[in-house]
Protein chains: 2
Amino acid sequence: MGERYRAASCIATITAMDLKQYIRDVPDFPIPGILFRDITPLLSDPAALKFALDEMTSRIEARRPDALAAIESRGFLFGTPIAARLGLPFVPIRKPGKLPAARMSMEYTLEYSQGQLDIHADALERGQRAIIVDDLLATGGTARAACQLVEMLGAEVVGLQFLIELEGLKGRALLEGHAVDTIIAYD
Amino acid sequence: MGERYRAASCIATITAMDLKQYIRDVPDFPIPGILFRDITPLLSDPAALKFALDEMTSRIEARRPDALAAIESRGFLFGTPIAARLGLPFVPIRKPGKLPAARMSMEYTLEYSQGQLDIHADALERGQRAIIVDDLLATGGTARAACQLVEMLGAEVVGLQFLIELEGLKGRALLEGHAVDTIIAYD
C-alpha cells in the first residue's frame, strides 16, 4: 500500500501541475482586488475533469470514509461524481432556506462575505466517518462551518478534499486538527 | 437500436417507481401550500443514486449530445456525474453574480419566485448539441431560460433531462418543441 501510494503521488505531482492550464484567472471578481480562480475551463474539458475526479477520488478513498458531504454549490460538482464512484451516501451542505426538513445551522465568515450553512439533522449518523468536499480552500471559514455541522450530528470528519487551495489565505490553519488535501495549489 | 431502446424503457418503467421511496414529501416548503419533493434521501442511498444516474445517463446518451449544461444548484448534482461518465464537456448555468467571465443572462419566472440565470459567453460553440440537466421540472420557467441561454450561444438544445416531473404544473407545455425526459413523475 505504501509503495503503491507513493507511486500514485508521484504521478499526481507531475500531472496536477497541468491542471492549472484549465483554471482561468479573472481579476477583480467578485470584488476589486480579488483574483478569481475560475474552474469552468476544467469542467468543460472531459479529460481534465476526469483527471481531477480520479485524483480526488483516490485520495478520498484512502481515508476510508463512509459518507461524503459537499458544500453548495461548486462542491456539488465534485461531490456526487465521487460519492457515486465510491458508493458513498451523499450529504448536501446548503445555503440557508434550501433544505426542507429539520436542520442544523452554522454561521461563518468568508473571504469577502458572510454566510450560513445548513445540514439536515438526519443527514449523518453518530460515529459515521464523513469526508467534506468543496472546490476551493480559501480562508477556510466555509469549510470549518461544514466541519462543525458534521460534528454537531455526532459524525467524525475524517478529511477535507478540495480541488484548489489558495495557500496565502492560510485556510489550513483554521482547519487545524483535520486532514486537508488539495490537488492544485496557488501561493 | 429500436429493440434495445424499448427493452431499456420497460426496465426503467418498472424500477423507476421504486425511486419514489427515496423522495421525501415536505409540506409547506418553501412557502405554505407547496409540497416540496426532497431528493436528499435519494442522494444518501448509493444504490438509488446509482440507479437514477444510470437511467438519466442512458437516456441522455441516446440523444447524442456533445455537451451537457446543468442548472445551479441541484442540477449540478446530476450534471457532472453524467458528463464525466459520457466524456462530455460540462457547462454550468448559474444564478446571477456567480460566473466570473463574459456572460449572457436571461430572466425567468419560477413556481414561487423570480430569478435570472447566466451562462458564460464562451461556454458552448455554435452548432454544438447540448443537453440540459436539472433535478426537477415544475412550471418549466427555469428550464426555458436555460434553453434560451444555450440557443443565444448558437448551440442546439437536443433535449432536457430531469429526475422529477411535477406534471400538474405543465412544464412540458412551456418547453414545447424540445425533447423532455423525466425519471419520476408526480401528478
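**Figure 1. Chain A of the predicted model.** Buried residues (under 20% relative accessible area, with exposed over 50% and partly exposed in between; 1.4 Å probe, protein chains only) make up 51% of the 187 residues in chain A. This is a predicted model, in which local features need pLDDT of at least 70, side-chain atom pairs count only at pLDDT 80 or more, and totals for chains, interfaces and linings use all residues. Residues are numbered from 1 along each chain as its sequence is written, chains are lettered from A in the order in which they are written, and side-chain values use heavy atoms, with hydrogens and water left out. Chain A has six helices and nine strands, taken as DSSP runs (helices H or I, at least four residues; strands E, at least two) numbered from the N terminus.

**Figure 2. The contact between chain B and chain A.** Each chain is represented by 33 residues in the contact, defined by heavy atoms within 4.5 Å. About 2,700 Å² is buried between the two chains, 67% of it from carbon and sulfur atoms; buried area is the accessible area (1.4 Å probe) that two parts lose on being put together, summed over both. On the chain B side, B:Phe29, B:Leu77 and B:Pro100 lose the most area to chain A, together 18% of what that side buries.

**Figure 3. Salt bridges between the chains.** Two salt bridges are counted between chain B and chain A, each a side-chain nitrogen of Lys or Arg within 4 Å of a carboxyl oxygen of Asp or Glu. In one of them, B:Asp122 pairs with A:Arg24, with the closest N and O atoms 2.7 Å apart.

**Figure 4. B:Arg59 and B:Glu55 in helix α3 of chain B.** The two side chains meet in a salt bridge at 3.1 Å, N to O. B:Arg59 and B:Glu55 are separated by about one helical turn because they are four residues apart in this helix. B:Arg59 counts as buried at 15% relative accessibility, and B:Glu55 counts as buried at 9%.

Figure 5. In chain A, A:Glu165 forms a salt bridge with A:Arg172, the closest N and O atoms lying 2.8 Å apart. A:Glu165 is buried at 5% relative accessibility, whereas A:Arg172 is partly exposed at 36%. In chain B, B:Arg172 and B:Glu165 form a salt bridge with a closest N and O distance of 2.8 Å. B:Arg172 is partly exposed at 38%, while B:Glu165 is buried at 5%.
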